[in-house]
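Here is a friendly walk through one protein model. Please keep the sequence and the 3D view open as you read.

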Amino acid sequence: MGAYGPPAGFYRSRPHVRINPSMCTACAKCMQACPRNDVLGITKDNETIQATVKGAENCAGCGRCIIACPTNAIGLYLTRES
């Protein structure tokens, strides 16, 4: 695709979002930025609140959650389709 556009192989791969729980502050900015309602969520475990991935397979790979995260706790990974 040239200098602009997604990385090589993007359309043959499936994007998955991951959250590093030790870096997450549960600000929910990722959820607000995500265009889908079935990818990210917030959980509370023993007085600890953090963002979690509800459905990584539903991720569109747009990267809006990564840009919105103030602590860089979110990463986008490409996996091969089977």
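## About the model

This is a predicted model, in which local features need pLDDT of at least 70 and side-chain atom pairs count only at pLDDT 80 or more, while totals for chains, interfaces and linings use all residues. Residues are numbered from 1 along each chain as its sequence is written, and side-chain values use heavy atoms, with hydrogens and water left out.

## Cysteines

You will find zero disulfides here (a disulfide being a pair of cysteine sulfur atoms within 2.5 Å). Cys-34 is in no disulfide, and its nearest cysteine sulfur, in Cys-62, is 6.0 Å away. For Cys-69, the closest cysteine sulfur belongs to Cys-27, and at 6.0 Å that is too far for a bond.

Buried means under 20% relative accessible area, exposed over 50%, and partly exposed in between (1.4 Å probe, protein chains only). Cys-34 is buried at 15%, and Cys-69 is buried at 13%.

## The core

The largest nonpolar core has 13 residues (buried Ala, Val, Leu, Ile, Met, Phe, Trp, Tyr and Cys residues joined through side-chain atoms within 4.5 Å). Among those with the most contacts inside this core are Val-17, Cys-30 and Leu-40.

What does Leu-40 touch, leaving aside its neighbours within four places in sequence? Its contacts (heavy atoms within 4.5 Å) include Val-17, Ile-19, Cys-34 and Cys-65.

## Strand 3

Ile-49 lies in strand 3, residues 48–53 (strands are DSSP runs of E, at least two residues, numbered from the N terminus). Ile-49 is partly exposed, with a relative accessible area of 44%.

Key
Helices (H or I, at least four residues) and strands (E, at least two) are DSSP runs, numbered from the N terminus.
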